[in-house]
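Look at the sequence and the model first, then read on.

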Amino acid sequence: MNTRKRVLVTGARAPVALHLCRLMSQAGFEVYATDCISYPLTKVSNSIKNSSLLLHPRKIRKVL
């Protein structure tokens, strides 16, 4: 059974998000990151388990 806590960091393009990912990973969290750009700064970091792409809020309004 996996007892590690998971955390999702949004706004993964920002340098502060990368710093938060590193800190949380060192603290024992399983870190996931997401942003609405295809290649955020945190995507290549060893401190995150996975990175995902979200739709940009303006594009969501067009879909609805």
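At 6% relative accessibility, Glu-30 counts as buried (buried means under 20% relative accessible area, exposed over 50%, partly exposed in between, with a 1.4 Å probe and protein chains only). This is a predicted model: local features need pLDDT of at least 70, side-chain atom pairs count only at pLDDT 80 or more, and totals for chains, interfaces and linings use all residues. Residues are numbered from 1 along each chain as its sequence is written, and side-chain values use heavy atoms, leaving out hydrogens and water.

## The chain

The chain has 2 helices and 3 strands. Along the sequence, their pattern is β-α-β-β-α. Helices (H or I, at least four residues) and strands (E, at least two) are DSSP runs, numbered from the N terminus. Of the 64 residues, 27% count as buried.

## Salt bridges

A salt bridge is a side-chain nitrogen of Lys or Arg within 4 Å of a carboxyl oxygen of Asp or Glu. The count comes to 3.

Arg-6 and Glu-30 pair at 3.1 Å, N to O. Arg-6 lies in strand β1 and Glu-30 in strand β2, so the pair ties together parts 24 residues apart in sequence. Arg-6 is exposed, at 59%. Lys-49 also bridges to Glu-30, with the closest N and O atoms 3.9 Å apart. Shared partners join Arg-6, Glu-30 and Lys-49 into one network. Lys-49 is exposed, at 56%.

## Another pair

Arg-13 and Asp-35 meet at 3.0 Å, N to O. Arg-13 sits in the loop between β1 and α1, and Asp-35 in strand β2. Asp-35 is buried, at 5%, whereas Arg-13 is partly exposed, at 42%.
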